[in-house]
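Please look over the structure below.

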Amino acid sequence: VLTGEMLAKLMCMVIFLVFPTTMQRANVAGNDFCSQLVQLIYATDRPDNLFPSIHCLESWLCFRGALRVKKVGRLYAPLSFVFALLVFASVVLVKQHVAIDIIGGVAVVGLLSGTLFGYIEGTQLVDVDNMRLNLTSFVYATDPKTGETVELEKLYDTENRIWVSSGEIPENLKNAFVAIEDERFYSHKGVDIKRFTGAVFQYVTHKGNSRYGGSTITQQLIKNLTKDDDYSSKRKIREIYRAINLEKQLSKDEILEYYLNTIYLSQKCNGVASAAQTYFGKNVSDLSLAECASIAGITQFPTKYDPLQNPENNKERQLVILKKMKELGYITTGEYEEAKAEKLVFADKEKDDKENSQSYFTDAAIDQIIADLMDKYDYTKEYASKILYNGGLKIYLSIDTDIQNKLDTVYNADDTF
């Protein structure tokens, strides 16, 4: 039977393991809340016929003080009132030793609640409308043979991101990520309670060393947008709070669109569009089911499951995802077998890098564009460069690619000079 004393002890152990510094900070008006709490919970010589009322008073005062310190605001008065009622009821209506159990348990709950509110207070919520992401800029030229505008090069710094709308992303790709990353994505409100509980259990039993994944897609998006990724309980509480609020702002489809455009997928690929071009040399809308599962498999450990560096690992992960999609009803058995048997053909990255290497013309154009941005908008050279490589610009050059390629070939020949 789970008694009040057992519950209080259990909660106290969790607090000591998960919030090791909280107890040390809870000193109010000369009263050591930690000492009072431990004394109440772990006392072994508690008499049944004498209730130490002074401990009740001190615990209540410490609890009220803890609420003030954590600045709970409007919740301070009702929480303090409820605690006072419990103290009175425990003294008048129940045995004294049970009263101590109740006070100890409520004090632990109060301390934990104060800690949570303290972590949440001041947390800046995510405003996706004003969030600026690094986007790849494109350089275009006119094909002299067809007269059509063609992509010449991509310009990016550390993040190669090509934004695509939800309508351009295949349903198979969305379902692949949901199946393997967050299978209850469409039913939870930002936090998957079942998964979160498992993560907390693993964290406590492994003394904080567990890497059990309890984050939902919404929580992962929060981390991608805020870059707040330190491994701590405080950060996780902030992340949960932000995720719950983000679910109130955006629809599930909008959250998934942001997520699939911000997730890192190795090879400097940020988002599924750049990954589709890097790994398969095609637009994201043209990906097959097998290719969708391959890209979704990268996210857990990008380097380990990189299709170009570790194709065997990626294939293994791809099969896991396809099986999960079948189990969840996203694909039929026939689609599963067909995708499973499909041989993946990856793009030749070395060839692409060579073809996309900047020409002398493009080098000169970049210098001119930076100078123009500095002159017209009074940007510094550093900020102008940032805009060029991270601003998602579309640049059209007056270059004849045939003539330029011939000039580059002659200039780069060993026997030219």
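Which side chain makes a polar contact with the side chain of N134? The partner is the side chain of E159, at 3.4 Å. A polar contact here is a pair of N or O atoms within 3.5 Å; within protein, one must be able to donate a hydrogen and the other to accept it, and residues adjacent in sequence count only if both atoms are side-chain atoms.

## Basis of the model

This is a predicted model: local features need pLDDT of at least 70, side-chain atom pairs count only at pLDDT 80 or more, and totals for chains, interfaces and linings use all residues. Residues are numbered from 1 along each chain as its sequence is written, and side-chain values use heavy atoms, with hydrogens and water left out.

## The chain as a whole

The chain has 19 helices and 5 strands. Both are DSSP runs, numbered from the N terminus: helices are H or I with at least four residues, strands are E with at least two. The chain has 417 residues, and 42% of them count as buried. Buried means under 20% relative accessible area, exposed means over 50%, and partly exposed lies in between (1.4 Å probe, protein chains only).

The chain exposes about 22900 Å². Carbon and sulfur atoms supply 54% of that area. Accessible areas come from the Shrake-Rupley method with a 1.4 Å probe; for residues, only the protein chains shown count as cover. Now take the contacts between residues at least 6 apart in sequence: 67% of these join residues at least 24 apart. Contact means heavy atoms within 4.5 Å.

## Around N134 and N390

N134 sits in the loop between α6 (96-120) and β3 (137-142). Its relative accessible area is 23%, so N134 is partly exposed. Leaving out residues up to four places away in sequence, N134 touches E159, R161 and N390. N134 and G391 are 257 residues apart in sequence, yet their C-alpha atoms are 6.2 Å apart in space.

N390 belongs to helix α18. N390 counts as buried because its relative accessibility is 11%. With residues up to four places away in sequence set aside, N390 touches L133, N134, L135 and D157.

## A buried threonine

Where is T216? T216 is in the loop between α8 (193-205) and α9 (217-226). T216 has 0% relative accessibility, so it counts as buried.

A polar atom of the T216 side chain lies 2.8 Å from the backbone oxygen of G190. Beyond residues up to four places away in sequence, T216 touches D182, H188, G190, V191 and D192.

Helices α7 (residues 171-181) and α14 (residues 311-327) have axes that come within 9 Å and cross at roughly 95 degrees. At that angle α7 is therefore roughly perpendicular to α14. Axes are lines fitted to C-alpha atoms, for helices over the stretch in contact, and angles run from 0 to 180 degrees between N-to-C directions. Angles of 65 to 115 degrees count as roughly perpendicular, under 35 as roughly parallel, over 145 as roughly antiparallel and the rest as oblique. On the α7 side, N172, N175, A176, A179, I180 and E181 take part. They meet R317, V320, I321, K324 and M325 in α14.

Helix α12 (residues 272-280) packs against helix α13 (residues 289-296) at about 110 degrees, with the axes 11 Å apart. That makes α12 roughly perpendicular to α13. V272, A275, A276 and F280 of α12 make the contact with E291, S294 and I295 of α13.

## A covered helix

How many of the 11 residues of α11 are buried? The count is 9, and α11 is mostly covered. The buried residues include I255, L256, Y258, Y259 and L260. Among them are also K252 and E257.

## Loops with positive phi

Q267 is in the loop between α11 (252-262) and α12. Its phi is near 50 degrees, a positive value in a residue other than glycine.

D378 is not a glycine either, and its phi is positive at about 60 degrees. D378 lies in the loop between α17 (360-377) and α18 (381-390). Is D378 buried or exposed? D378 counts as exposed, because its relative accessibility is 70%.

A371 is in helix α17. At 36% relative accessibility, A371 counts as partly exposed. A371 and A384 are 13 residues apart in sequence and 8.1 Å apart in space, C-alpha to C-alpha.
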